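Please look over the sequence and the structure shown here before reading on. The report is meant for someone meeting this chain at the outset.

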Amino acid sequence: MLWKFLQDGKQEWFKEKVEFDNENNMVAVVELEGDVFKHYRSFKSVCHVIPKGEGSLAKLIIEYEELNANVPPPNKCLNVMVNVTKDIDAHLQKA
């Protein structure tokens, strides 16, 4: 899938593939091409949902390799993942 978006007022893009692991309740997004590779050699975000009591716990993971030591951690991506997870939780709470 190809995504285009604004990041800090700049047009950016990336192409991804999504991997599902239904047995372990995991979904991974693997970046294949795009602006993310200006800073990282590899980039993968994972959401692992763990049943807990009457609900679930979402474990968010970002696996990445920087191009060099001056590259900051991908905190913006993590913030997006957290916000999407909160939106999903709010939606499910209404159901």
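## Overall layout

This is a predicted model, and the secondary structure of its protein chain comes to one helix and five strands. Read from the N terminus on, these elements follow the order β-β-β-β-β-α. Taken along the principal axes, the C-alpha atoms of the chain fill a box of roughly 45 × 30 × 25 Å. Of the 95 residues in the protein chain, 18% count as buried, and among contacts between residues at least 6 apart in sequence, 24% join residues at least 24 apart.

An unreviewed UniProt entry carries the annotation "domain: Bet v I/Major latex protein", which covers residues 1-95. For residues 1-95, the end C-alpha atoms lie 29 Å apart, and the span is 21% helix and 55% strand.

## The largest pocket

The largest pocket has a volume of about 1,500 Å³. It is lined by 44 residues, of which Ser-45, Lys-76, Cys-77, Val-80 and Met-81 are the closest to its centre. The elements that give two or more residues to this lining are strand E1 (2-7), strand E2 (10-21), strand E3 (26-34), strand E4 (40-52), strand E5 (55-66) and helix H1 (75-94).

Which element gives the largest share of the lining of the largest pocket? That share, twelve residues, comes from H1. Sorted by class, the lining of the largest pocket has 25 nonpolar, eight polar and eleven charged residues.

Six residues make up the largest nonpolar core, namely Val-36, Tyr-40, Phe-43, Ile-62, Val-71 and Met-81. Leaving aside neighbours within four places in sequence, one of these residues, Ile-62, is in contact with Phe-43, Lys-44, Ser-45, Pro-74, Cys-77, Leu-78 and Met-81.

Ser-45, found in strand E4, is one of the residues closest to the centre of the largest pocket. Is Ser-45 buried or exposed? Ser-45 counts as buried because its relative accessible area is 11%, and the cut-off for buried is under 20%. Not counting residues up to four places away in sequence, Ser-45 touches Val-27, Ala-28, Val-29, Ile-61, Ile-62 and Met-81.

## Lys-4 in the strand E1

Lys-4 is found in strand E1, and it is exposed, with a relative accessible area of 62%. Apart from residues up to four places away in sequence, Lys-4 touches Gln-11, Glu-12 and Trp-13. Lys-4 and Gly-55 are 51 residues apart along the chain, and their C-alpha atoms are separated by 33 Å.

## Two loop residues with positive phi

Where is Asp-8 found? Asp-8 is found in the loop between E1 and E2, and, although it is not a glycine, it has a positive phi of about 55°. With a relative accessible area of 60%, Asp-8 is exposed.

Asn-25 has its place in the loop between E2 and E3, and it too has a positive phi of about 55° although it is not a glycine. Asn-25 is partly exposed, because its relative accessible area is 38%, and the range for that class lies between the cut-offs of 20% and 50%.

How values were computed. Residues numbered from 1 in each chain as written. Predicted model: local features only at pLDDT ≥ 70, side-chain atom pairs only at ≥ 80, totals over all residues. Heavy atoms only, no water. Core = buried A, V, L, I, M, F, W, Y, C linked by side-chain atoms within 4.5 Å. Buried < 20%, exposed > 50% of the residue type's maximum accessible area, 1.4 Å probe, protein only. Contact = heavy atoms within 4.5 Å. 1 Å grid on protein atoms, 1.4 Å probe; cavity = no way out; pocket = protein on both sides within 12 Å on 5 of 7 lines; lining within 4 Å. Points joined across faces, edges and corners; volume = space filled by probe spheres on them. Helix = DSSP H or I, 4+ residues; strand = E, 2+ residues; numbered from the N terminus. Nonpolar A, V, L, I, M, F, W, Y, C, P; charged D, E, K, R; others polar. UniProt positions renumbered as here; feature names shortened; annotations may be inferred.
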